[in-house]
Amino acid sequence: KKKKKSNRPGFSACVCEIVVNEANFVRKCIGAESCQDDLWGKLVCTNFKVSFISHNSLPRQRFQCTHRLLGEHDIPLACVEQVVTVNDVKGKQKILGSNQKLKFNPTELILYCKDFRIIRFRFDEAGPESAKKVCLAIAHYSHPADPQLLFGFEYVGKRYHGSAGEQVNGVDPGGGMQTPLFDCSSDWDREIKRTGASEWRVCTINQGYFISPSLPEFFVVPVSLADQDLKQYACFFYSHKWCWNHSSGSALVRMSNISDPQQQRKVEQRISSAITKSHPLRSDVFKSDLDKTLPNIQDIQAALLKLRQICVIDPFEESEEKWLSSLESSRWMEYVRTFLRHAVEVVYMLERRNVPVILLENEDRDLSCVISCLVQLMCDPHCRSLHGFQGLIQKEWVMAGHRFLDRCNHLKKNDKEESPVFLLFLDCAWQLWNQYPAAFEFTDVYLTVLGDSMWVPIFSTFLFNCPRQRAENSRDFASSKSIHLGQDQALRFPPVWDWSQQFSLKDQTLFNNPLYVGKIATCVQNGTVKTFTHRRSKKNYSSTLRGLPSALRNGSIGPNDTLARRNSLVLRLRSDLSQVREQQETPSERFIRDFFSRPVDLQGLLLPQLLPSHLSVWKLYFLRWVPEAQIPQGGPITTFHKLSVLTDEIEMLQNQLKQYKGAGGTPNNLHVEPSKMYFKSTSTPHQPPAPPEYLSSSFPFSPVGNLCRPGILGTPLSKFLNGAKIWLSTETLANETF
């Protein structure tokens, strides 16, 4: 039976969050060697999260970001992948699902989380019935039977609805969002103008989703393609989407395969002809069939499961050849490399061959999302800014109908549909960021937090399979709850880009990259603040900040060169180098070699190094909970700290100079603008602050209590897990013994 929202000390509840069950005298396992550091407290299950209220909390570290929706020991229910109960006295264990029975009293609860955490609770002192009930509650509420049972609907239904109906439900439409959501024609118009796509127009025939359920209400088509033609062809294919225009006029377009073979050639010819007419040189269209050249969603899912097993369940030792061999056998890094390579080939067609490109995929909702975004990241510096990157995801993933509900498996109904396609894209983007950090406005912390936000089920970004599903579910829910909807006639879920929902302004400064070389950079010359604009020009390059050896050309390394990347998890594969030299150079390889033969323009084209030795494991995401992988007071964060302090000092001096000049030379009553950096400089000149003692390579995350491997404390589960593939793969093991 549901209980009312709790006001107990130590429990932080969201709006409309209710407690459904709880257990006292629960021990949260912290230490891997002993139980000396374990915490005692209350385990609470709500309709939003699993919360642990500790009576003896760990000392709060100053670096810890405060999540506005989740406490230090909270786990969103959508993040819980498996609920495993254990009775180590009787030698029994069971994976709990929704509406299942538990025939034994659990002595231990293990929560396997989608963000790679493993959380363990012990019920040695808890009442057996309360322990059983809280385990069953967690299993039930982490398996909602319907999208409208996800917490986001309750949150949005009451969070923004005024009692007198004076406030429009959902996010304030004028809430100061700088990220375009592409849910209106004006956003698409601005994107057309920004990219110079003068031969393309916004089509509105699908308003109300009357033509196609998979297409967004607004999309972009060639001006030569009439609405009548689109209505005629809509029944034969899922979608046709303009993505972006190269400065040469070549368009990047996504298209689903034609469902009717008899109509396939006719429709493709008509659309290809319209795209050709939109090109200044009337170039023929190049078609890239992604289903034939890239791993499918099941392959990607299998690779992540193996990677998770290697990173957090198996014993971790970075230097062991066995570990590196296991990493290679997971094929995750191979798939990252494959997607990056394919994106480079598409860039070659747009940049060097100057031809339009159509990305073909069965439903145009998975692989094409990754490739289209990577191409734009490499070609368009706007997409490497914070708001540009967010708009890119909104355009190519959310409005293009990526199945976030199914791929994230929020309802845990169909494991075959689950696949971390979006996480794979973030990893690919991180690889590009890792090679060109000064070209991106955001940090790797931002990318990691963005990946975590998929499991906080209140954001429209990650809740639905397509815009139409969002509209239909929100209308139905509002009708059942008698919620006033306003002019939009739909609940307005907050997008994840409204970061104030999760973090304070102070914590959001962790997203700001002190290395970023943006379109406009300021400097002081002869006492005057001047502005310089970086222009995309083949004759004007900024100095390279990649940190790679000067002799590194087209993926080759000189005999005396070494990679300028410490603690790489991938060994240099010299055999790959010899193979590259032996193979005959293709036009696309020559294009890559030409790119690396000249200095890099951080506001121009960026191509990634693609040899296995150039790609690294995204440690901040995949290994942040692993204590053995932590580097105390080390790792990239130490450099980030020094650069942030220096950038903060420069910004402070520039602001003071601006205001001093504006005040007629009198420095009185100077207004100091808020710093954009998380780490700030001191007022004492020539004495930069030392790196804080709490810094580690996992910053701002902490492994303490977030990765407690089963079996470490001597439970029989270690033997069971030793032969298990990825987490626990069977549906129930209730009647088995160890």
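Over residues 162-175, where does pLDDT stay in this model, and how many contacts beyond four places in sequence does the model have for them? The pLDDT stays under 50 there, and the model has 23 contacts beyond four places in sequence for that stretch. Residues 520-575 also have a pLDDT below 50, with 117 contacts in the model beyond near neighbours in sequence. Where pLDDT is low, the predicted coordinates should not be read in detail.

This is a predicted model, then, and here is the chain as a whole. The average pLDDT is 81, and 77% of the residues score at least 70. The protein chain has 738 residues, of which 57% count as buried. Its secondary structure comes to 22 helices and 16 strands. Take the contacts with a separation of 6 or more: 72% of them are between residues 24 or more positions apart.

Is aspartate 115 buried or exposed? Its relative accessibility is 5%, and buried means under 20%, so aspartate 115 counts as buried.

What is around it? Apart from neighbours within four places in sequence, aspartate 115 is in contact with Cys79, Asp452, Trp455, Tyr621, Arg624 and Trp625. Glycine 451 is 336 residues away along the chain, yet its C-alpha atom is separated from that of aspartate 115 by 8.4 Å.

Notes:
Residues numbered from 1 in each chain as written. Predicted model: local features only at pLDDT ≥ 70, side-chain atom pairs only at ≥ 80, totals over all residues. Heavy atoms only, no water. Helix = DSSP H or I, 4+ residues; strand = E, 2+ residues; numbered from the N terminus. Buried < 20%, exposed > 50% of the residue type's maximum accessible area, 1.4 Å probe, protein only. Contact = heavy atoms within 4.5 Å. pLDDT = per-residue confidence, 0-100.
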